[in-house]
Amino acid sequence: MSNQTVLILDFGGQYKELIARRVRELGVYSVIKPGNMSVDEIRKAEPIGIIFTGGPNSVYDKASPKCDKAVLELGIPVLGICYGMQLMTYLLGGEVKPCHTSEYGTVEAEVDPSSALFTGLQPEQKVLMSHTDYVSGLPEGFRVTSKSENCPTASAENAEKKLYMTQFHPEVENTKNGKKMLRRFLYDVCGAKGDYSMKDYLARQIAAVREQVGNKTVILGLSGGVDSSVCAALLSRAIGRQLVCIYVDHGFMRKNETESICQTFEKMDLQFVCVHAEERFLKQIEGISDPERKRKQIGAEFPKVFYEQAVRFADEAFLAQGTIYPDVIESGSGGAVIKSHHNVGGLPKELNFLGVVEPLRGLFKDEVRKLGRMLGLPAVMVERQPFPGPGLAIRVIGEVTKEKLDVLREADAILREEIAASRCKADQFFAVLTNTHSVGVMGDDRTYNYVCALRAVRTNDFMTCEYAKLPHSLLAKISSRITNEVKGINRVVYDITDKPPATIEFE
Ligand code: XMP
């Protein structure tokens, strides 16, 4: 038995993931597919509804993404958003024109509450518009269901054919009742039953994993990050001690992190191995200060250590991965993608590789976190910030030594403790041990110690960021604690650079 599904056809809009997540929040499973998905494939997928995303193009551009008009004749309800509305209009013989005045931002729209989308809503609604074209002539059989000051067709419908369209974006928070509008589309137009929940997802995945792997061994590389940890917890429920989790401590983890990972997974119903490989990794990067070379050396050593352990447990095994839905969308392929650290060095000949197990493949990050909480993982693990594979080795600038790592661990722990205790919000924050010494004075003594840099950023996607405007009082407290409590640091600076031009990490 599978979930009722809504297809999100992607026409290049920046909100495709948001639409898919909103639909799931409303209890309906959704998947994102390319806008030109064939009618046959759509029919096979048996969706209860289809949503066309927005997109940056004009429908009259030759190169603009289009779909087959037959998609609108399948009898499946369709909601076209922004460009999706214009595309539906164009395909059905209506007219799209450039606006006299482009609309960007939240505007007041007057909606017709007799439309299925607006049932129960007041006629005045705040909606987010972002468009330079608009529908100037509706296709036959359609009627206008809302308008704004500058857009006479803010939404329209052909209720008989179950075709709906909005020029505004119901998926964003600025459209105050947008979620209610999507709910009406899903439940009243598409006939959704609301059969998608994390509990249900978990039950289905447990059954699917059991069927896929039978009585074979499954090996998982555990990094301590959210995805691999949740993957381990789920597989433990499904197959217990058939699961072998290998955690490689490369020595570049934060203070107490390895201990906390071991404590969590040693208690679970699975086989857990912690490989203490600090010396081995330090040797690999001894004397190296170039960031890329450090990364490469660490990346190449990792699978060697991992597979040396893996082959001890079975002659043949499945490899489990914490791949999540955004990895799948970005890679653009439907097949199994082996994450790069498994690819480096290839799969070992000693181990007969039976296939990949990816139980989180359908989930967004916030859903993975929710699942992690359901599975009883500790909050620190489920809420964990992104942490680079090479760990603190790329936060100690230049050559890395055990002594420098220990100094950095202490400073970083203070930063994390103080930010956690404050009400300040940052999406990622950490300390960096720069390669610079500076002169200081302590009591009557001159010191010549490291400069520690603090980094805290606000970001949604980690592709760009703004530095976090932390209050001076908080920064002063962190600085004072680090210089007083951490031997080896006599100066603290705060990084006030956005990305671009900087990156989030220093190396
Ligand atoms: P940058 O420094 O490129 O970082 O602005 C963007 C985000 O990616 C994280 N990051 C990594 N994550 N392996 C990872 O899994 C890596 O090698 C790696 N390098 C950077 C970084 O912490 C930030 O969140």
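Arg254 lies over the face of Phe387, at 4.0 Å from the ring centre. A charge counts as sitting over a ring if NZ of Lys or CZ of Arg is within 6 Å of the ring centre and within 35 degrees of the ring normal. The charged end of Arg183 likewise sits over the ring of Tyr187, 5.9 Å from its centre. The model is predicted: local features need pLDDT of at least 70, side-chain atom pairs count only at pLDDT 80 or more, and totals for chains, interfaces and linings use all residues. Residues are numbered from 1 along each chain as its sequence is written, and side-chain values use heavy atoms, with hydrogens and water left out.

Rings of Phe, Tyr and Trp (its six-membered ring) pair if their centres lie within 6.5 Å; planes under 30 degrees apart count as stacked, over 60 as edge-to-face and the rest as tilted. This rule gives 12 aromatic pairs. Tyr164 and Phe185 are edge-to-face, because their ring centres are 6.2 Å apart and their planes stand at 70°. This pair links distant parts of the chain, 21 residues apart: Tyr164 is in strand 9 (residues 163-166) and Phe185 in helix 4 (residues 178-189). Helices (H or I, at least four residues) and strands (E, at least two) are DSSP runs, numbered from the N terminus. Both Tyr164 and Phe185 are buried. Buried means under 20% relative accessible area, exposed over 50%, and partly exposed in between (1.4 Å probe, protein chains only). Phe11, Phe52 and Tyr83 form one aromatic cluster.

Phe52 also belongs to the largest nonpolar core, which has 156 residues. Such a core is a set of buried Ala, Val, Leu, Ile, Met, Phe, Trp, Tyr and Cys residues joined through side-chain atoms within 4.5 Å. Phe52, Phe252, Phe265, Leu454, Ile482 and Ile489 have the most contacts inside this core. Its largest share, 9 residues, comes from helix 6 (residues 226-239). A second, separate core has 7 residues, including Val432, Ala453, Cys465 and Ile504.

An open sheet of 9 strands shows mixed pairing in the order 2-1-3-4-9-8-7-5-6. Two strands pair if DSSP finds at least two bridges between them. Strand 2 (29-34) and strand 6 (124-137) are the edges, each pairing on one side only. Strand 5 (residues 95-111) and strand 7 (residues 143-148) run antiparallel and are joined by 3 bridges. Val111 stands opposite Ser146 in strand 7.
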